[in-house]
Amino acid sequence: MSAAAAPRSLLADTPDLLLLPKRRPKRNRIAPSKPPEPPPPSPRRAPPRRCSPPPLAPSAYGRLLRCASRGPSLALARIAHSHMLRTGYRPGLFLCNSLLGVYCRCGDMRHGRLLFDGMPRRDVVSWNTLISGYSSAGSARLALDTFRDARDSGVCADRFTYAAVLGACAGARDGRRGRAAHGTAVVSGHARTAFVTNSVIDMYAKCGMIDEVRLVFDRAEERDEVTWNLLLSAYVRMGWPEVAVNVLVWMHRSGAKLDAFSLGGIVKACTELEDSEDVRRMLHGCVVKVGLDLNVFVGSAMVDMYAKNGGLEEAVKVFDCIPDQNVVVYNAMIAGFARLGNDPCPEIRIEAVRLYSNLLRRRIRPSKFTFKSLLEVCNLTNAVRCGRQVHAHVICSGFEGDEYIANALINLYSKAWSVDDSLRCFHRTPKQESFTWTSMITIFVEDEQFEMALHLFRELCCTEKEPDQFTISSVMNACACLSVPMTCEQIHCYAVKSGFDQFTVCGNSQIAMYRNIGDLTAAKKTFDKITCLDAFSWSQMVLNYAVHGHGREALQLFETMKDRGVMINEFAFLAILVACSHQGLTDEGFRHYESMKSDYRFDLNVNHIACMVDLLGHAGKLSDAEDFITNSGLENDPTLWRVLLRACRVHGDKERGIQIGEKLMLIAPLAASSYVMLYNLYMDAGKISFAMRTRGLMRERGMTKETGISWTEFGGSIHHFSDGGNSCSQKNAISRRMEELLVRVKQKTEHSGMNVWELGFQSKKVGESSISRHGELLAVANGLSTLPNTAPVKVMKNQRISWESHETLKLLSEDENREIIIRDPTRFHHFSQGSCSCQDYW
């Protein structure tokens, strides 16, 4: 069959390719044979028509939307809506409102708004549903705009409309728009009902407008239990528990029913009341009479009330009476053991761990508040092993990312001196708040890893987190221990730019920071700029004067502190005893010591006793100092005997010093300083064999002497100088400068008749002398060569300065007419015009 004779139906189904005109064949000399005709194409079948599913009955859609609203299930609502669209079913107003309600309750306001805009007819329920959805989603502006559109469309608003609008204003804390909505409700007449009145009171309470709350309550025509509870919770939210108690009494006398909400709220508010034992017992009796003592909500509030105010026994009794204990009740009880302070013994606090075990046995899932309180108990009792087990439970429960739990774990491991574990917990916390950074920086400072603390602070500055005043205080403490002036000045500038220098805690740390770098003038300026001085501020300044050799100024400031009524603490007495000890003020020191014991009744610690021993040693009363140690009750403390041993060496009492040194080797056999001091005493007494035996014993026990290191800052960098060598790149220049200085000192002592051999010049060549190998002298030589002629030379040293270096620096300060400041672990030595601020006693 040819294409021309084909049926029309077949032409309609023939592919387009066959309907194109044939191309003319090329002319060839030999005509090609006629190609065979192609077979007729098979007709193409029409695609099957898709049949739409039949629509369901309205009752079936109604049941489906009721199931979706109980969840609420957004997926089920979308299935029902999609089925309506596919079947072409047009739901009525009731089904549209039901579907809109599911969308709004599930928070899908986009599809809810599209459905609302496509509704052919709307009533007040439709508008109320949309306004409530915007209110629940936190869009107060859209809720108010929808309310305005509803009024413009002529819809008569009802009480549910005003309740939704007022709820939106309450959620946004928008008192101005809430006041306008309240006025509209008053004009419409709906404000007379208790339902709208309760919404108005709740709105004003959440906006913090307590006067309007009381005014609306007093003028309300209808009141119910909800109205009274809202008034009660408003005063509780404002932090006025005394007024809330009066409202509760008024509520009871008015005949209103006391329920779990009102009693639970007032009990929770009374936890913050101090010295209100009668009020707590009255509330407890009221709860029992009403019959809510077995209620879980009220019971947990009562447990928390008693536990926060020291009534642990009452809290346990209430806890045992609650039949259906949940995790909230257990959290309140465990938190009660964590708030006991430092007085109770650890056996009492360990009850919190038993409570946690009981919670797990009852298959109650712990919350993050459970672990937070439990870790606080482990921190207070130093139960690191138990804390590690709790940490494993935290990981299994998925709460390791909580910042409060991470902070408790960081503090727990820091008490066990496990800084690596603390750092690991810090890095595993995804949401790192400022207090978490502060805890980690403080741990590095306490572990004497000051460079790591500063490095962590730099990382904090690179993040979006803002440090607080406690962070700056910890960083200042790290700078104070490093004693690097440039770093201290940089952190001071950062505190000024951030405004943290106005806080007392930062000012106190700044005083200590400048004390450690020897800048007494900057410390005094900081003290004068602090607007709110506390006892620690005064004590820090007294200690500043003490360690810099200004004993009279320290005593005068201490008397001013007492005249102004500042509370004297143990640290203030320690500062004044240090001042008396460094200046040899024996009478003043004993007067303050007796006042500390009799007038203030403070508990003396080893630092106070050491100051008194040093005071007696300064005065040369070595026998009295030894008796003082024996009668102090701390005769086995090596710190006191080391203080007396130094006094014996200064005053030349070699026999007593040797006896004390041998006693120190028994008391502290692992302290290298005891062996070194005894070795020096044997050498001073000429007992070479005993000195060699001490050195051999030290070598057998694996004790090594700490290397003396001195450091100073020049040209924006830190230079270190070790005893016996020089690690600085300018070694040759410093050595030549050191030789010149020592030659001058040697000539000066020869002219004055002083025996220079006692100063340690044991060689004819100055460069080979033992004194030229002291690190502090090399640092001073570098400073004299680098700094301007008017600038003082400041050097820090990790060990006590030797007698030879001390005498040499006195002569250098006079010869160079320069002030030289050396800081050792106990005090500052200010060398000026041939004298030292320590008065040759250190």
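Reader: Why is Glu448 called exposed?
Author: In this predicted model, Glu448 has a relative accessible area of 60%. The term exposed applies over 50%, and therefore Glu448 counts as exposed.

Reader: Where does Glu448 lie, and what sets its phi apart?
Author: Glu448 lies in the loop between α26 and α27 (450-462). Its phi is positive, about 65°, although Glu448 is not a glycine. Most residues other than glycine have a negative phi.

Reader: How do you know that Arg363 counts as exposed?
Author: The relative accessibility of Arg363 is 78%. The cut-off is over 50%, so Arg363 counts as exposed. Arg363 is found in the loop between α21 (351-361) and α22 (368-381). Arg363 is not a glycine, yet it has a positive phi of about 60°.

Reader: What makes helix α26 roughly parallel to helix α28?
Author: The axes of α26 (residues 434-446) and α28 (residues 469-482) cross at roughly 15° and come within 9 Å. Angles under 35 degrees count as roughly parallel, so α26 is roughly parallel to α28. The crossing of these two helices is left-handed.

Reader: Which residues of α26 and α28 meet, and how do they divide by class?
Author: From α26, Ser434, Thr438, Ile441, Thr442 and Val445 take part; in α28 they meet Phe470, Thr471, Ser474, Val475, Asn477 and Ala478. The division is 5 nonpolar, 6 polar and no charged residues.

Reader: Why is α11 described as roughly parallel to α13?
Author: Helix α11 (residues 194-206) packs on helix α13 (residues 225-237) at an angle of about 5°, and their axes are 10 Å apart. With the limit set at under 35 degrees, α11 is therefore roughly parallel to α13. Asn198, Ile201, Asp202, Ala205 and Lys206 of α11 make the contact with Val226, Thr227, Leu230, Leu231, Ala234 and Arg237 of α13. By class, this contact has 6 nonpolar, 2 polar and 3 charged residues.

Reader: Where does UniProt place the feature "repeat: PPR"?
Author: The UniProt record, an unreviewed entry, places this feature at residues 123-157, 224-258, 295-329 and 534-568.

Reader: What is the helix content of residues 123-157 and of residues 224-258?
Author: Residues 123-157 are 74% helix and 0% strand, and their end C-alpha atoms lie 10 Å apart. For residues 224-258, the span is 74% helix and 0% strand, with the end C-alpha atoms 11 Å apart.

Terms used:
Residues are numbered from 1 along each chain as its sequence is written. This is a predicted model: local features need pLDDT of at least 70, side-chain atom pairs count only at pLDDT 80 or more; totals for chains, interfaces and linings use all residues. Side-chain values use heavy atoms; hydrogens and water are left out. Axes are lines fitted to C-alpha atoms, for helices over the stretch in contact, and angles run from 0 to 180 degrees between N-to-C directions. Helices (H or I, at least four residues) and strands (E, at least two) are DSSP runs, numbered from the N terminus. Angles under 35 degrees count as roughly parallel, over 145 as roughly antiparallel, 65 to 115 as roughly perpendicular and the rest as oblique. A crossing is left-handed if the near helix is turned anticlockwise from the far one by less than a right angle, and right-handed if clockwise. Contact means heavy atoms within 4.5 Å. Ala, Val, Leu, Ile, Met, Phe, Trp, Tyr, Cys and Pro count as nonpolar, Asp, Glu, Lys and Arg as charged, and the others, Gly among them, as polar. UniProt positions are given in the numbering used here, feature names are shortened, and annotations may be inferred rather than shown by experiment. Buried means under 20% relative accessible area, exposed over 50%, partly exposed in between (1.4 Å probe, protein chains only).
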